[in-house]
Amino acid sequence: MKKITIGEAARQSGVKVPTVRYYESIGLLAAPSRSEGNQRSFEPADISRLAFIRHARELGFEIEAIRTNPAPRPMPSPRPASSRSNSASAA
């Protein structure tokens, strides 16, 4: 899987690069792995966490409230319509 640079992570999540570094420094975002050149290498889960933090801040949540909130989880995929109609007729 391709690692994501800090600039790309900032762009995808909608936060600025210094903000990404700040969230890492205060422990709101786990420290990402580093390349041989000591550059941060983010994963898609890190981007999701950054976007979650940004959204929570936009809603007015304080840093400490975000820190104690569990990481966001992906929503389950809806079942296809055909499997819903089959289970309804079987009941």
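Modeller: Let us begin with L50, which touches A9, S13, V15, V20, Y23 and L29, leaving out residues up to four places away in sequence; contact here means heavy atoms within 4.5 Å. This is a predicted model, in which local features need pLDDT of at least 70 and side-chain atom pairs count only at pLDDT 80 or more, whereas totals for chains, interfaces and linings use all residues. Residues are numbered from 1 along each chain as its sequence is written, and side-chain values use heavy atoms, with hydrogens and water left out.

Colleague: Which residues have the most contacts inside the largest nonpolar core?

Modeller: They are A9, V20, Y23, L28, L29, F42 and L50, in a core of 16 residues. Such a core is a set of buried Ala, Val, Leu, Ile, Met, Phe, Trp, Tyr and Cys residues joined through side-chain atoms within 4.5 Å, where buried means under 20% relative accessible area (1.4 Å probe, protein chains only). Helix α3 (44–58) gives the most to this core, with 4 residues.

Colleague: Why are α1 and α2 called roughly perpendicular?

Modeller: They pack at an angle of about 100 degrees, with their axes 9 Å apart, and 65 to 115 degrees counts as roughly perpendicular, so α1 and α2 receive that description.

Colleague: What joins the side chains of R40 and E24?

Modeller: A polar contact of 2.6 Å joins them, the term requiring a pair of N or O atoms within 3.5 Å, of which, within protein, one must be able to donate a hydrogen and the other to accept it, while residues adjacent in sequence count only if both atoms are side-chain atoms.

Notes
Buried < 20%, exposed > 50% of the residue type's maximum accessible area, 1.4 Å probe, protein only. Helix = DSSP H or I, 4+ residues; strand = E, 2+ residues; numbered from the N terminus. Axes fitted to C-alpha atoms, helices over the stretch in contact; angles between N-to-C directions. Parallel < 35°, antiparallel > 145°, perpendicular 65-115°, else oblique.
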